[in-house]
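Let me put the structure up and we'll walk through it.

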Protein chains: 2
Amino acid sequence: MEDREISQAVIGRLPRYFRYLGELKDQGIEKVSSQELSDIMRVTASQIRQDLNNFGGFGQQGYGYNVGDLYGEIGKILGLHKEHNLIIVGAGHLGQALVNYMNFERRGFIFRGIFDIDKKIQGTQIRGITVRPMEEMAAFVRENDIDIAVLTIPKTGAVEVAEQLAGCGIRGFWNFAHVDLHVPDNIQVENVHLSDSLMKLSYNILSHD
Amino acid sequence: MEDREISQAVIGRLPRYFRYLGELKDQGIEKVSSQELSDIMRVTASQIRQDLNNFGGFGQQGYGYNVGDLYGEIGKILGLHKEHNLIIVGAGHLGQALVNYMNFERRGFIFRGIFDIDKKIQGTQIRGITVRPMEEMAAFVRENDIDIAVLTIPKTGAVEVAEQLAGCGIRGFWNFAHVDLHVPDNIQVENVHLSDSLMKLSYNILSHD
């Protein structure tokens, strides 16, 4: 694709546009100006125009944006028109919470398999998906066209598991393990480091004392 | 405090320094140069020096950093030397996962109360903490010196709950609800928008097709 150059900051803002446009759409609103979008999103209208211009711009001078079209276009840019096949490694509380969260499925992120090292929960089901032993993971990924692996395991095992999965055709990791993964450049990593996020909140509270 | 000017980007990197220094400390390593830290963290040595200089710098020319001291100092900057009292609103899967995650408590983030709108789970316990009805929340926050509220509820209720809590002396929100909160300037918000994160991963996978 031609838009490799777009900064991660812009990419990071796209889901937020998608969310607000989805809400406008649900309310039956058909068009919105960058100024109106600016007011509800609390970012400047010029920021909105700049961000959307990265993708060719969608607005029409004097009309604004067609909500449904823009929603659809941003969804496509985000790859939400395609289905993603996911596995989750680590069926603890967090893993269970993610599997049970229906919104991911609505967006096309489908959990196909769950893996855990703990023999006691292997064979049990979470939302109808059987928890399998780690030994079956590599073959499962290859046979089920899995493109995203969600890691909800302690950091001690995460690096090794990521290496194994990188060799099986995984294209992206959604990493909740509290460790940085080093994988080949063609594999994407999106980290959710919950402790880091909480520490940042702590800092911001303290610095406003 | 005097360091209001420090960018959120720098603040966002501090927990990562803290994590790596903690690991070096656990390995019994006493000193580290910015070059060595650069190698293991995969950021430039000059970035490390710049980041740490925001807080007065801790290194000594020709010696590097004392691991234990730097770890302690960054912990203080992050406010981890103080205990935080937390409540969590929403005792679903995600809320349970967070309450059950011991690492937060080790860092001084103590869950004091859990609240949920669902009468069926009110009165049950999660890790020894009773789930209470929402009606008791405001008084509980005031009486127990709660400074952080974790919101793991659907977006429909989150804005209202945040407004109510903002009036009870809460100083920070750790917000997992898929909505932006608008609270007074003296209250900090740290968002964990899981869907946004997953969409960003989807974009990055697609753009590397």
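So, what do the buried residues of α4(A) pack against? Keep in mind as we go that this is a predicted model. Within chain A, the partners are α1 (8-26), β1 (31-32) and β2 (65-66), and chain B joins in with α9 (194-206).

Which residues are we talking about? Helix α4 of chain A runs over residues 67-77, and its buried residues are V67(A), L70(A), Y71(A), I74(A) and I77(A). They sit on the same side of α4(A), because the arc they cover around the axis is only 125°.

Now the contact between the chains. Chain A puts in 50 residues, and chain B puts in 50 residues. On the chain A side, the elements that each supply at least two residues are α1, α5 (93-100), α6 (102-106), β8 (172-175), β9 (188-191) and α9 (194-206). The top contributor there is α9(A), with 13 residues. If you sort that side of chain A by class, you get 22 nonpolar, 17 polar and 11 charged residues.

Last stop, the core. In soluble globular proteins, nonpolar side chains tend to be buried together. Here the largest nonpolar core has 111 residues, and the ones touching the most other members are A149(A), L151(A) and L151(B). Take A149(A): leaving out residues up to four places away in sequence, A149(A) touches I87(A), V89(A), L165(A), I170(A) and F173(A).

That's my tour, over to you.

Technical notes: Residues numbered from 1 in each chain as written. Chains lettered and ligands numbered in written order. Predicted model: local features only at pLDDT ≥ 70, side-chain atom pairs only at ≥ 80, totals over all residues. Buried ≥ 20, exposed ≤ 12 C-beta atoms within 10 Å, placed from the backbone. Helix = DSSP H or I, 4+ residues; strand = E, 2+ residues; numbered from the N terminus. Arc of directions from axis to C-beta. Contact = placed C-beta atoms within 7 Å. Nonpolar A, V, L, I, M, F, W, Y, C, P; charged D, E, K, R; others polar. Core = buried A, V, L, I, M, F, W, Y, C linked by C-beta atoms within 7 Å.
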